[in-house]
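Let's take a walk through this structure together, starting with its overall division and ending with a few backbone details. Keep the sequence and the coordinates open as you read.

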There are 2 protein chains.
Amino acid sequence: MRRLTQFLLLLLIVPLSAQTPPKPIVSPEVHPDHRVTFRFRAPSAREVSLEREGAKRLPMLKDDQGVWSVTTDALDPDFYSYSFVADGVSLIDPSNPLITPNILHTQSRLHVPGPASLLWEISDVPHGVIHRHFYKSGIVGDERDFYVYTPPGYDPGGRSEYPVLYLLHGFSDDASAWIAVGRANVILDNLFARGRARPMVVVMPLGYGAPEVLKRVGPRDASLWRTNVERFKEATLQEVLPQVEKAYRVSKDRNQRAIAGLSMGGAEALITGLNSLDRFAWIGAFSSGGVGDDYGSIFPGLDAKADAKLRLLWIACGKEDRLFDGNLKFIGWLKSKGIRCTWVETPGAHNWLLWRRYLSDFVPLLFQ
Amino acid sequence: MRRLTQFLLLLLIVPLSAQTPPKPIVSPEVHPDHRVTFRFRAPSAREVSLEREGAKRLPMLKDDQGVWSVTTDALDPDFYSYSFVADGVSLIDPSNPLITPNILHTQSRLHVPGPASLLWEISDVPHGVIHRHFYKSGIVGDERDFYVYTPPGYDPGGRSEYPVLYLLHGFSDDASAWIAVGRANVILDNLFARGRARPMVVVMPLGYGAPEVLKRVGPRDASLWRTNVERFKEATLQEVLPQVEKAYRVSKDRNQRAIAGLSMGGAEALITGLNSLDRFAWIGAFSSGGVGDDYGSIFPGLDAKADAKLRLLWIACGKEDRLFDGNLKFIGWLKSKGIRCTWVETPGAHNWLLWRRYLSDFVPLLFQ
């Protein structure tokens with residue numbers, strides 16, 4: 001018993017080995033009416049504000065215990081990334097274990113729970129499996145990973161071949177983003193359970209053909225950014241795709257292959273997909289950007305023949321996204337080349353609130 | 001080109017949407033001699049210190065730009081979790097994307113790179129695959145996950161059956177900890193590539209039979225903690241093990257099954273393994289604690305017959321660990337019951353620096 005007591009004391013000491021604050025901080029606190037209170041102890045900070053995905057920055061106020069807080073209006077059930085900005089420095093919420101992983105900017109994550117009708121809420125339905133593969137890329141020259149989602153009931157020893165979606169993350173995400181932030185596995189589990197989409201395998205590669213792009217961002221680096229996308233395309237087609245087709249029961253028929261992505265990944269889906277129509281018949285671009293506007297040189301082969309090969313070209317963007325006008329311009333160019341596409345404009349800006357919904361709307365259209 | 005410029009500007013804006021600090025902070029900075037400088041901008045903080053795994057807390061000093069810093073002595077190549085403690089609040093390093101995930105206490109992570117001889121350094125060797133499964137636990141009553149590592153060359157359609165190690169995390173970890181923090185996949189890849197261990201499948205379940213233990217820690221909760229371990233045992237044997245044996249080519253022979261864990265997971269490995277010798281012949285406990293000292297009631301069936309069934313009982317603890325004396329006492333009790341074990345005492349305290357090494361030493365002993 002003395003041992004146990006000592007052990008339990010240790011359990012107390014390890015997680016709280018920082019100087020224990022005077023009272024425990026609860027943050028974020030989701031109220032029954034879906035208002036949310038955020039709290040952050042920073043007694044000597046001069047200014048603290050809340051930065052939340054899809055919202056304007058909110059100033060926080062300090063109480064006499066040195067705890068800053070703010071309560072939002074009622075929020076729609078969803079997941080929201082957020083940070084506390086204390087005297088100009090962006091910090092995670094030390095009271096919240098939920099993290100939004102990101103290569104440049106780790107944030108905390110808020111879950112405002114919603115009804116089971118929301119596709120990103122975990123339900124008691126059969127779940128797919130997530131697989132993480134590691135390999136050395138000869139094309140990029142680094143050790144890297146990619147993720148594969150197999151749907152419920154997938155049998156590696158079975159005979160049926162599944163259609164496959166290549167799903168690409170955005171700039172500053174890592175390869176886990178569509179799972180960890182986008183909840184792609186939960187969304188697909190739920191779509192399949194409702195009979196709203198064909199069971200498919202989803203491949204999520206790392207989106208950097210030139211990873212140094214993460215360290216050198218700016219207009220001068222346009223050529224580096226182009227290399228980044230082009231080399232991503234090569235690594236995906238020459239390295240990831242053959243590994244996937246060897247390890248999984250996926251179809252090699254172009255009519256059973258899709259590629260889609262968000263932001264930078266949307267540009268990569270367009271450049272990879274539209275320039276490899278012998279491999280992909282279904283293409284999606286969510287809030288995409290970065291292809292420049294020299295479309296003729298980026299997509300040299302697009303004509304009515306290409307259009308006939310496309311089963312779906314689905315392009316979506318939020319109206320408050322700075323990339324909205326660029327998407328409109330691109331759509332116009334596609335039209336001038338005789339390429340049909342489904343153009344979806346929605347409310348919203350450049351964030352995961354849209355991308356979870358775009359995925360939910362896009363996946364049911366595939367392979368039908 | 002205007003589009004591209006706008007996109008690249010957006011890239012700049014999104015990650016740095018916090019008020020941009022006057023100069024970029026580099027932290028942690030590993031110097032060629034392996035000293036490490038940590039930096040944290042907190043102009044109005046009164047006191048900031050560095051809390052690092054395996055080390056005493058170090059005070060940091062503020063410069064005239066409001067940047068606190070400290071430089072350590074030369075550090076052994078390894079991974080170290082750390083936090084900045086600012087006026088009593090433990091924070092991650094906002095300049096460092098590397099995170100140590102933990103349910104109670106998210107920290108930052110430092111990598112001091114070392115030679116390829118260190119088993120946790122990624123090498124250009126064949127890599128295993130990590131699989132993450134999700135299921136609803138009837139025993140615990142929640143939706144939960146477990147991870148499975150399959151070794152390089154594992155063929156789901158092949159005929160050979162692999163031995164299997166159940167590897168358990170500690171209190172406050174999640175099921176990803178042995179991968180994300182312990183680098184178990186990297187260690188095993190490297191052991192296999194050197195011919196130092198038999199290829200095996202590794203299963204990493206979630207270690208909470210009563211997840212509410214995470215919220216109610218203290219000596220009064222001894223019975224809850226006991227429920228936590230007992231229900232973990234049931235969920236592992238009745239729910240995880242059958243799923244693993246259905247989905248993977250693993251042996252069902254007790255001589256091909258091992259169970260090991262760290263801290264709370266060490267206690268779970270002992271309680272699950274020693275009380276299920278019909279299922280496990282190899283058991284490891286790393287820095288374990290929390291079994292109490294009423295050993296007779298916790299391990300009722302241990303006698304010379306049990307000893308004959310054990311192929312390996314491997315117990316290790318650091319000499320500076322508060323749980324060291326408890327481990328010594330347990331070893332003495334095992335001896336009195338005629339149970340042989342391998343007792344390994346090492347320098348060090350209660351942290352991952354030891355557990356990566358324990359795993360590296362334990363795995364080569366298995367299934368030989």
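Into which domains is chain A divided? In this predicted model, chain A consists of domain 1, covering 22-112, and domain 2, covering 129-365. Between the C-alpha centres of domain 1 and domain 2 of chain A there are 32 Å. The two domains of chain A do touch: nine residues of domain 1 are in contact with eleven residues of domain 2. On the domain 1 side of that contact in chain A, three residues are nonpolar, four are polar and two are charged.

With β16(A), residues 282-286, β17(A) forms five bridges in the parallel sense, and A316(A) of β17(A) is the bridge partner of F286(A). With β18(A), residues 342-346, β17(A) also runs parallel and is joined by five bridges. There, I315(A) faces W343(A) of β18(A) as its opposite number. To get from β17(A) to β18(A), the chain passes through helix α8(A), residues 324-336, in a right-handed β-α-β crossover.

**An enclosed helix in chain B**

Now turn to chain B and its helix α9(B), residues 352-362. Is this helix largely enclosed or largely open? Ten of the eleven residues of α9(B) are buried, so the rest of the structure largely encloses the helix. The buried residues include W352(B), W355(B), Y358(B) and F362(B), and also the charged pair R356(B) and R357(B). What do the buried residues of α9(B) pack against? Their partners in chain B are β7 (78-86), α3 (184-193), β15 (257-262), β16 (282-286), β17 (312-318) and β18 (342-346).

For β5(B), two antiparallel bridges connect it to β6(B), residues 67-71. If you zoom in on this pairing, you will find L61(B) opposite S69(B) of β6(B).

**The nonpolar core**

In soluble globular proteins, nonpolar side chains tend to gather together in buried positions. The largest nonpolar core here has 196 residues, and the members that touch the most others are V203(A), A260(A), V203(B) and A260(B). Which residues does V203(B) touch, leaving aside those up to four places away in sequence? They are F146(B), V148(B), V164(B), Y166(B), L167(B), V240(B) and V244(B).

**A loop serine in chain A**

S176(A) sits in the loop that links β13 (164-168) and α2 (177-180) of chain A. Its surroundings hold 17 C-beta neighbours inside 10 Å, so S176(A) counts as partly exposed. Setting aside residues up to four places away in sequence, S176(A) touches P101(A) and Y147(A). S176(A) also lies 7.6 Å from M204(A), C-alpha to C-alpha, although 28 residues separate the two in sequence.

**Backbone details**

Most residues other than glycine have a negative phi, and most peptide bonds are trans. The table gathers some backbone angles that depart from that pattern.

| Site | Feature | Angle |
|---|---|---|
| S27(A) to P28(A) | cis peptide bond | omega near -10 degrees |
| S27(B) to P28(B) | cis peptide bond | omega about -10 degrees |
| D87(A) | positive phi | phi near 45 degrees |
| S263(B) | positive phi | phi about 55 degrees |

Where do these sites lie? P28(A) belongs to the loop between α1 (2-13) and β1 (29-30) of chain A, and P28(B) is in the loop between α1 (2-13) and β1 of chain B. D87(A) is placed in the loop between β7 (78-86) and β8 (89-91) of chain A, where 18 C-beta neighbours inside 10 Å make it partly exposed. S263(B) occupies the loop between β15 and α5 (264-274) of chain B, and S263(B) is buried, with 29 other C-beta atoms within 10 Å.

Notes
Residues numbered from 1 in each chain as written. Chains lettered and ligands numbered in written order. Predicted model: local features only at pLDDT ≥ 70, side-chain atom pairs only at ≥ 80, totals over all residues. Domains from an automatic or database assignment. Contact = placed C-beta atoms within 7 Å. Buried ≥ 20, exposed ≤ 12 C-beta atoms within 10 Å, placed from the backbone. Helix = DSSP H or I, 4+ residues; strand = E, 2+ residues; numbered from the N terminus. Pairing = 2+ DSSP bridges. Right-handed = clockwise from strand over helix to strand, strands pointing away. Core = buried A, V, L, I, M, F, W, Y, C linked by C-beta atoms within 7 Å.
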